[in-house]
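Please read the following note alongside the sequence and the structure. The points are numbered so that each may be checked in turn.

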Amino acid sequence: MDHQENRQFRLARRPVGHVKREDFEFRTDPARAPEAGEIMVAVEYISLDPAMRGWMNEGKSYIRPVGLGEVMRAGALGTILQSKAEGFSTGDVVTGALGVQSIATIAAKDCTKIDPALAPKPLFLSALGMPGMTAYFGLLAVGEPKPGETIVVSGAAGAVGALVGQIGKIKGCHVVGIAGGAEKCRYIVDELGFDAAIDYKSEKIPARLRETCPEGIDVYFDNVGGQILDDCLAQINLRARIVICGAISQYNNTTPVKGPANYLSLLVNRARMQGMIVFDYADRYAEGAKEMASWLREGRLKSREDIVEGLETFPDTLGRLFTGENFGKLMLKV
């Protein structure tokens with residue numbers, strides 16, 4: 001065990017604009033044996049998330065940036081090879097910030113044991129993992145939807161947006177999704193049960209919002225930022241709630257981030273715009289996962305995973321998040 005090799009991607013430089021393969025160093029080192037309180041994990045699936053782009057930037061944020069020369073941070077799932085931590089045994093399956101590597105040696109307290117008998121392993125990085133908890137708490141705790149209200153979600157075919165829309169339907173709301181391309185728009189309506197879809201690639205969003213949200217917008221769940229945020233702010237109702245979950249349209253900017261131009265709509269409508277970070281709800285994950293799992297079992301909630309094989313594909317596969325090429329929760333199978 002002590003002589004296993006660990007294949008890994010380390011951050012070599014701060015990306016400018018879109019992430020490139022040259023921004024990382026791919027190397028193979030001996031896997032480090034665990035010390036007291038640690039576990040050694042064979043990584044099986046790695047979650048690829050838009051937030052990873054922000055973690056590469058220097059500067060103050062909700063989490064410290066990945067240091068140059070460090071293994072790239074990522075949520076992942078794997079099986080314990082060795083344990084020197086009480087309550088964790090060889091063969092246990094865990095999730096945690098294992099990083100973009102094939103073997104992770106990490107403090108056991110930073111990992112969570114999961115039962116793969118309850119659901120396929122990839123689900124613990126999608127509907128039952130960080131995207132699921134982001135959708136659940138972002139919509140229900142921050143968006144506070146009420147039956148009969150209208151919810152609009154951008155990035156609606158993505159890992160978080162697809163779940164937000166379905167939860168909105170479960171809660172009795174009229175749900176409109178904004179997605180890119182006819183196939184994704186068909187998917188969220190025909191398979192996920194959204195009431196309507198807007199194709200930002202081929203349709204005029206302001207006009208389509210008026211058509212699909214005739215009574216205005218009560219909750220806007222924003223995953224993209226930019227012009228789409230402005231378009232939705234123009235049509236919010238009195239005391240609307242805007243959930244700022246992400247701004248994927250802005251992450252690769254080489255110019256200043258575009259903020260909302262018509263923020264005075266918040267004043268006129270006495271509306272609330274609030275940022276949402278999933279880690280703030282860590283002490284309630286069990287609550288969210290329990291309800292999400294019950295909806296999955298009942299067939300009221302569907303989850304779609306976009307799994308790419310091969311650790312070595314990491315830089316190119318990550319780039320798919322920012323071009324809209326992924327369809328569902330993007331992850332790597334190591």
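**Note on selected strands and residues**

1. In strand S11, Phe 221 is the bridge partner of Val 153. This pairing belongs to a predicted model. Strand S11 covers residues 217-222, and S8 pairs with S11 in the parallel sense over three bridges.

2. Strand S8 spans residues 150-154, and five of its five residues are buried, so the strand is largely enclosed by the rest of the structure. Thr 150, Val 152 and Ser 154 point one way from S8, while Ile 151 and Val 153 point the other way.

3. S8 is also joined to strand S9 (residues 174-179) by five bridges, and the two run parallel. Within S9, Val 176 is the bridge partner of Val 152. Between S8 and S9 the chain passes through helix H3 (residues 159-170), forming a right-handed β-α-β crossover.

4. Asp 29 is located in strand S2 (residues 24-30). Its relative accessibility is 19%, and because buried means under 20%, Asp 29 counts as buried. The side chain of Asp 29 forms a polar contact of 2.9 Å with the side chain of Arg 27. Beyond its neighbours within four places in sequence, Asp 29 is in contact with residues including Gln 4, Asn 6 and Arg 10.

5. Is Lys 109 buried or exposed? Lys 109 has a relative accessible area of 71% and is therefore exposed, since the cut-off is over 50%. Lys 109 sits in the loop between strand S6 (103-107) and strand S7 (111-114). Its side chain makes a polar contact of 3.3 Å with the side chain of Asp 110. The C-alpha atoms of Lys 109 and Glu 38 are 8.1 Å apart, although 71 residues separate the two along the chain.

Terms used. Residues numbered from 1 in each chain as written. Predicted model: local features only at pLDDT ≥ 70, side-chain atom pairs only at ≥ 80, totals over all residues. Heavy atoms only, no water. Helix = DSSP H or I, 4+ residues; strand = E, 2+ residues; numbered from the N terminus. Buried < 20%, exposed > 50% of the residue type's maximum accessible area, 1.4 Å probe, protein only. Polar contact = N/O pair within 3.5 Å; in protein donor to acceptor, adjacent residues only side chain to side chain. Contact = heavy atoms within 4.5 Å. Pairing = 2+ DSSP bridges. Right-handed = clockwise from strand over helix to strand, strands pointing away.
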